[in-house]
Amino acid sequence: AALVRFADRVLSRGFVGDGGAFAAYGAVARTPEEIGTGAADAAMLSASVYCADAVGEVHALGQGVVANGTAADIVWMVTDGFEPREGGGVDRCRTVTLKGFDASDREVDLLRLAGRIATADPVPLGRPRNETGAASAGNLLVHGGVLEIARDLYADIMPHLDNAHPDTVFTFTGHSMGGCLSVVLLLLIAQDRGVDFVKERIKTVYTYGAPPVL
């Protein structure tokens with residue numbers, strides 16, 4: 001009963017803010033040097049998609065907006081920036097940021113989204129493509145509703161990765177449901193483009209407060 005009440009509070013009032021599930025929790029300050037510049041930037045991008053002026057927030061972080069939109073009731077944004085490289089220099093980095101479930105969002109169908117999130121049947125994903133390019137069967141099980149959402153997002157987002165400069169590396173990030181979807185998108189890319197593509201082009205995936213979906 002307590003879990004149901006907590007879930008109802010999250011769905012009706014969100015995680016933070018007036019009446020939110022974690023409204024009384026204090027923030028813990030961490031510097032980029034303590035958690036890593038990439039993780040700090042990704043955290044700020046994950047937070048920016050919740051803001052009313054998300055594009056302005058991204059520009060304030062020194063990133064450029066390539067595209068943004070909504071697919072399967074999930075808000076997404078693709079941005080360009082630079083990230084320090086180990087050993088010196090910088091990488092061109094294109095970041096895909098996915099928004100989590102936001103009870104205050106009136107631009108998406110929250111009831112439909114909640115229904116898909118609640119569809120938690122385990123669904124086999126299938127293994128990534130092997131060295132010959134042929135898809136092989138696998139037994140990795142994924143949250144069925146999240147996988148369905150991720151496939152819709154994949155169709156919208158991949159064209160913005162394909163048109164990037166050949167030297168660009170990609171980062172995925174998101175909070176809560178956005179983090180879950182970032183992980184599943186990585187698996188879909190490995191399945192569709194192959195493990196070598198992931199090793200060469202995907203720099204990392206940052207998730208914040210993402211429930212397990214595998």
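Reader: Which residues line the second largest cavity?

Author: This is a predicted model, in which local features need pLDDT of at least 70 and side-chain atom pairs count only at pLDDT 80 or more, while totals for chains, interfaces and linings use all residues. Residues are numbered from 1 along each chain as its sequence is written, and side-chain values use heavy atoms, without hydrogens and water. A cavity is a set of points on a 1 Å grid over the protein atoms alone where a 1.4 Å probe fits but cannot get out, and its lining residues have an atom within 4 Å of a point. The lining consists of Asp73, Ile74, Val75, Lys99, Gly100, Asp102, Asp105, Val108, Leu110 and Leu113.

Reader: How many charged residues does this lining have?

Author: Asp, Glu, Lys and Arg count as charged; Ala, Val, Leu, Ile, Met, Phe, Trp, Tyr, Cys and Pro as nonpolar; and the others, Gly among them, as polar. The lining of the second largest cavity has 5 nonpolar residues and 1 polar, and the charged residues number 4.

Reader: What is the volume of the largest cavity?

Author: A volume is the space filled by probe spheres set on the grid points, which are joined across faces, edges and corners. The second largest cavity has about 40 Å³. For the largest cavity, the volume is about 90 Å³.

Reader: Which element gives the most to the lining of the largest cavity?

Author: Helices (H or I, at least four residues) and strands (E, at least two) are DSSP runs, numbered from the N terminus. Among the lining residues are Gly38, Asp41, Phe82 and Tyr206. With 4 residues, the element that gives the most is H3.

Technical notes: 1 Å grid on protein atoms, 1.4 Å probe; cavity = no way out; pocket = protein on both sides within 12 Å on 5 of 7 lines; lining within 4 Å.
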